[in-house]
Amino acid sequence: MPRQVIRDGQVRDDTWEMLDPREGESPETVPLPAGPLAVPLAVWEPRREELLARATPLGVRLEPGDDPARIAPDLARLALVCIHFPRIADGRGYSSAWLLRRRHGYAGELRAVGEVLRDQLFHLARCGFDAFVLREGADPRAALSAFADFTEAYQWSADGRGPGLRGREAHAGEPARG
Amino acid sequence: MYRYDAVDTALVAQRVAQFRDQTRRYLDGDLSEDDFRPLRLQNGLYIQRHAPMLRVAIPYGILSAAQLRRLARIAREHDRGYGHFTTRQNLQFNWPALAAVPAILAELAEVGMHAIQTSGNCIRNITTDHFAGVAPDEAVDPRALAEILRQWSTLHPEFAGLPRKFKIALSGAASDRAATLLHDIGLHAARNGAGELGLRVIVGGGMGRTPVVGHVVREFLPWRDMLTYLEAILRVYNRHGRRDNLYKARIKILVKALGVEAFRAQVEAEWGHLRGNESTLTDAELARVSSHFAPPAYEPPSDEDQALAFQLAGDPAFARWAGRNVHAHRRPGYRAVTLSLKRTGVPPGDLTAAQMETVADLAERFSFGELRVSHEQNLILADVRERDLLDLWRRARAAGLATPNIGLLTDVVCCPGGDFCSLANAKSLPVAEAIQRRFDDLDYLHDIGELDLNISGCMNSCGHHHIGHIGILGVDKNGAEWYQVSLGGEQGLGARLGQVIGPSFRAAEMPEVISRLVGTYLAHRHEDERFVDTVHRIGLSPFRAGVYGEAREAVHA
């Protein structure tokens with residue numbers, strides 16, 4: 001069965017190839033499969049020119065400690081950014097997503113992968129993720145209701161939702177930046 | 001106090017529904033123990049020695065009488081008839097059944113309460129001065145800013161997986177009654193020379209295994225920038241705080257590793273991007289929230305207020321209570337009153353359901369239906385008419401809530417310790433009780449004067465032993481419970497961390513150890529000098545000699 005991804009509130013078959021070099025494989029020499037391909041930052045940085053020369057869609061996968069600023073100049077060329085959650089409790093990826101959306105203006109697909117379960121989805125979506133691959137074995141269809149867990153928000157975030165008309169409507173600042 | 005509107009009500013109800021579903025999936029076996037743990041922790045639910053422990057949030061320590069009655073009902077129906085007030089102004093139930101927790105949360109939601117983020121690696125309950133709004137030394141009432149912080153931090157999506165727990169305290173008075181220098185972030189609200197409202201921002205304080213007094217990162221932050229600046233701090237911490245070692249994961253370790261200047265530079269650089277964005281506070285928002293904290297309908301002073309002086313003169317026991325448990329108020333004819341939860345024989349901070357109902361009645365009769373929880377684990381009626389004090393005292397005394405010991409040795413701050421908590425190395429409650437029994441003579445207790453005694457059952461320091469004038473820490477040595485004593489800790493703007501005096505003691509020795517420390521103080525004190533000031537003047541040596549002097553070293557590990 002192909003990998004399932006939650007996107008736009010629906011479960012779809014994933015069309016992306018995820019490059020994950022095995023132990024002993026060098027980022028500089030690992031073979032790059034044809035078709036839409038997402039690679040770790042460790043492969044992206046040494047193979048950038050080669051990858052950008054391909055005619056097929058490109059993606060980059062960030063680990064929690066990878067600074068999103070490192071791919072900021074390339075974001076217009078990327079159709080997918082994956083942020084890996086190695087553990088549920090490691091919340092660095094939330095900030096990475098926020099920065100990609102708000103600081104670096106990334107508008108393409110932003111996908112949470114790894115230890116991702118139903119109960120993180122609401123917060124992940126608020127931070128700017130719009131695609132989610134759950135931990136292997138978890139049922140994505142059973143997780144769709146998570147996006148409706150809350151109808152209100154107490155704070156602004158990258159999803160553009162905020163506390164609404166609770167005395168802040170008079171704000172005259174620049175809403176699109178961060 | 002803050003009253004929920006439709007937004008608050010919906011949000012808390014939805015959180016209850018979410019947790020009910022999570023609990024159901026766990027009990028059905030759809031969620032593993034490991035996957036359920038962070039979910040329950042972010043909702044205040046621990047698995048303890050005997051049963052789950054549910055920690056209920058009391059935002060900045062303020063409660064209504066109706067809320068306290070609801071806590072009483074929950075204590076009676078779902079617990080063993082009591083609750084425990086904590087050093088972070090919250091309330092813990094020690095005996096609820098896991099399956100009942102969603103129902104308890106629904107009952108809390110009906111009165112505008114919840115358990116959101118009372119544990120777990122997230123932003124915890126915002127705490128503040130328990131005399132907020134009534135203290136004569138207050139420059140800025142911190143309650144509206146505290147409520148704004150509560151809302152901002154509640155279910156903040158970006159900071160749901162921090163390296164470690166994160167505690168914020170806020171104060172607006174000349175004296176710091178919220179231990180702001182010992183929090184991950186401490187905020188001092190004040191007005192500058194131009195009359196503008198702003199905040200001194202202190203970062204990286206804390207107790208625990210590595211106690212540190214916080215560092216001033218910004219001297220004056222305009223209040224409108226409060227949330228953007230805190231987001232900058234939290235983002236720097238979330239991205240760069242250590243995650244490889246539980247004991248090095250608090251923000252104080254990051255500040256120490258980077259150095260204050262480099263940490264400040266990172267925060268300021270991040271804030272440069274955020275300043276002025278839509279999280280910037282507005283006059284309208286501050287006005288909206290402040291309207292919830294308008295002064296109550298105080299009555300003007302009257303001739304009847306004069307009665308207090310005669311009442312005090314006519315009843316020494318009442319006068320003794322008034323001398324310790326009654327505090328100045330900014331409004332003529334009013335006082336703030338502390339109801340002591342430190343009666344000997346009762347675990348510090350514990351209150352029975354019947355007592356909760358009595359306190360709710362007292363709050364309604366004497367203090368506009370509101371009360372506060374202090375971080376010293378007592379309850380405060382903040383707005384009591386002077387002419388009502390005698391009546392209030394009689395009723396409080398009948399309920400066991402008028403022990404005249406606020407700020408004295410028997411007003412022990414103490415965690416639940418090894419009797420309940422699975423983290424504890426040692427029991428703390430029996431030690432507290434044994435010391436209280438040793439000092440049960442009120443004349444002697446009052447003669448000793450101000451003395452903060454803090455007891456923690458482990459390094460997590462929930463009993464704040466680092467800032468006790470006398471601090472006691474339970475330690476484990478080869479499976480046996482021992483107690484380490486420190487002296488000279490102090491809360492407030494001059495916060496200091498206590499110093500360990502020497503080898504630790506067995507539980508049975510502790511009352512005698514405290515007696516000897518007090519004896520050394522009494523022998524050396526100058527007139528009107530507090531215990532802690534004598535410690536700082538003469539140093540630890542005389543106290544060490546008083547405790548260890550007789551060749552008892554043999555019994556010490």
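Two strands pair if DSSP finds at least two bridges between them. Keep that in mind as you work through this predicted model.

**Exercise 1. Find the partners of R7(A).**
Which residue is the bridge partner of R7(A) in β8(A), and which residue stands opposite R7(A) in β2(A)?

*Solution.* 
Step 1: Start with the strands. β1 (residues 4–7) and β2 (residues 10–13) of chain A are antiparallel and share four bridges.
Step 2: β1(A) is also joined to strand β8 (residues 131–132) of chain A, by two bridges, again antiparallel. Two bridges are enough, because strands pair when DSSP finds at least two between them.
Step 3: Now look at R7(A). In β8(A) its bridge partner is A131(A), while in β2(A) Q10(A) stands opposite R7(A).
Step 4: Finish at the turn. The hairpin of β1(A) and β2(A) has two residues between the strands, and D8(A) takes a positive phi near 55° there.

**Exercise 2. Trace the sheet in chain B.**
In what order do the five strands of the open sheet run, and which are the edge strands?

*Solution.* 
Step 1: Read the order in chain B: β16-β17-β18-β19-β20, with mixed pairing.
Step 2: Go to the ends. β16 (413–414) and β20 (499–500) of chain B each pair on one side only, which makes them the edge strands.
Step 3: β19 (residues 480–487) of chain B pairs with β20(B) in the antiparallel sense over two bridges. There, S486(B) has V500(B) of β20(B) as its bridge partner.

**Exercise 3. Describe a helix crossing.**
At roughly what angle do the axes of α14(B) and α16(B) cross, and is the crossing left-handed or right-handed?

*Solution.* 
Step 1: Locate the helices of chain B, α14 (residues 429–438) and α16 (residues 510–524). Their axes come within 9 Å and cross at roughly 50°.
Step 2: That angle makes α14(B) oblique to α16(B).
Step 3: The crossing is right-handed.
Step 4: Find who meets whom. V431(B), A434(B), I435(B) and R438(B) in α14(B) meet M510(B), P511(B), I514(B) and S515(B) in α16(B). By class, this contact has six nonpolar, one polar and one charged residues.

**Exercise 4. Look at the side of chain B that touches chain A.**
How many residues of chain B are in contact with chain A, and which element gives the largest share?

*Solution.* 
Step 1: Take the count: 37 residues of chain B are in contact with 33 residues of chain A.
Step 2: Elements of chain B giving two or more residues include α1 (6–27), α2 (33–41) and α5 (143–153).
Step 3: The largest share, six residues, comes from α1(B).
Step 4: Sort this side of chain B by class: 14 nonpolar, 15 polar and eight charged residues.

Terms used:
Residues are numbered from 1 along each chain as its sequence is written. Chains are lettered from A and ligands numbered from 1 in the order in which they are written. This is a predicted model: local features need pLDDT of at least 70, side-chain atom pairs count only at pLDDT 80 or more; totals for chains, interfaces and linings use all residues. Two residues are in contact if their C-beta atoms, placed from the backbone, lie within 7 Å. Ala, Val, Leu, Ile, Met, Phe, Trp, Tyr, Cys and Pro count as nonpolar, Asp, Glu, Lys and Arg as charged, and the others, Gly among them, as polar. Axes are lines fitted to C-alpha atoms, for helices over the stretch in contact, and angles run from 0 to 180 degrees between N-to-C directions. Angles under 35 degrees count as roughly parallel, over 145 as roughly antiparallel, 65 to 115 as roughly perpendicular and the rest as oblique. A crossing is left-handed if the near helix is turned anticlockwise from the far one by less than a right angle, and right-handed if clockwise.
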